[in-house]
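Let's take a walk through this structure together. Have the sequence and the 3D view open as you read.

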Amino acid sequence: MIIVCQDCGSRLQVDEAKVPSRPFSVRCPKCNSSINSANSSADAAHSALALGESPATGHHRFERPPLPAPQFDLGSNAKENKTSVNATDKLAELLSGLLSQQATTVANSSSMRPSWNPRKALVCIAEDNREKLARGLAENGFQVFVAEDTSQAVERMRENQLDVVVLDQRFDPVEQGSVFVTREVTMLRPMQRRRLFFVLISPTLRTMDAHAAFLNNVNATLNLSDVDELPELLEHRVREYNDLYKDFNVALGVPAL
């Protein structure tokens, strides 16, 4: 939950688990004034960030229950990709998850990922490069989910344990898509975060810039002009990532990404 100071405009983040049900006051660390949670400004009260809600669950525009990002099908066109995952796909996902849990020990004994358990990748990028990137990942063995908006992205992240998330800074700017997808990643527990490879696409960042990746709290950066090279670069970087956490994964008894 984020509260805005009425005097200096500072935003204070409050742990929602510790927020009482009744109105409360906190001291602003910047101007030392008292902030009453019941007197937040009208703009803040209607802001998804101020409420700590997500477009997937709290935005008035979504009258129907939001659907998770659908799986990309190499044999379909862009229009067909807009449909949700059908019952057969959902059953396959459930079976894959069960097999993955039961075969953890076997998979852990090998550095190769089993073919029946492909990496799951969520693509959250602007429409101009969306299908091209999804197709490139699918052709390289990924199970790809393509989000058209923030709602689909957040719901898919909450429904599936993903291996890779690819986020474009320009994704769904109206609903602050980049902000909410990043928030879903940062809210993961440390163990879950280590099991996710987070890629940020930007027209201003350099490709595979380790310093920029550290500053943006992601695992890798990609310049927008290098989108076509992502599948190959991703395979290389994920292999290095697995090498980095090899002993850690063995100690916990979990397979590599």
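Predicted model: local features only at pLDDT ≥ 70, side-chain atom pairs only at ≥ 80, totals over all residues.

Which residues form one aromatic cluster? They are F197, Y241, Y245 and F248. Residues are numbered from 1 along each chain as its sequence is written, and side-chain values use heavy atoms, with hydrogens and water left out.

The structure holds three aromatic pairs. One of them is F197 with Y241, an edge-to-face pair with 5.4 Å centre to centre and 80 degrees between the planes. For the labels: rings of Phe, Tyr and Trp (its six-membered ring) pair if their centres lie within 6.5 Å, and planes under 30 degrees apart count as stacked, over 60 as edge-to-face and the rest as tilted. F197 sits in strand β8 (residues 197-202) and Y241 in helix α10 (residues 230-244), so this pair ties together parts that are 44 residues apart in sequence. Helices (H or I, at least four residues) and strands (E, at least two) are DSSP runs, numbered from the N terminus.

Is F197 buried or exposed? F197 counts as buried, because its relative accessibility is 1%. Y241 is buried too, with a relative accessible area of 10%. Buried here means under 20% relative accessible area, exposed over 50%, and partly exposed in between (1.4 Å probe, protein chains only).

Y241 and Y245 turn up again in the lining of the largest cavity, alongside R194, R195, N242, N249 and L257. A cavity is a set of points on a 1 Å grid over the protein atoms alone where a 1.4 Å probe fits but cannot get out, and lining residues have an atom within 4 Å of a point. About 30 Å³ of space lies in there, the volume being the space filled by probe spheres set on the points, which are joined across faces, edges and corners.

Now over to strand β5 (residues 120-124). Five of its five residues are buried: K120, L122 and C124 on one side, A121 and V123 on the other. In a regular strand the side chains alternate between the two faces of the sheet. β5 runs parallel to β6, with four bridges joining them, and L122 stands opposite F145 in β6. Four bridges also join β5 to strand β7 (residues 164-168), again parallel, and there V123 has V166 as its bridge partner. Two strands pair if DSSP finds at least two bridges between them.

In strand β6 (residues 143-146), Q143 and F145 point one way and V144 and V146 the other way, and all are buried.

Finally, R135 has its place in helix α5. R135 counts as partly exposed because its relative accessibility is 26%. R135 and F72 are 63 residues apart in sequence and 7.8 Å apart in space, C-alpha to C-alpha.

Key. 1 Å grid on protein atoms, 1.4 Å probe; cavity = no way out; pocket = protein on both sides within 12 Å on 5 of 7 lines; lining within 4 Å.
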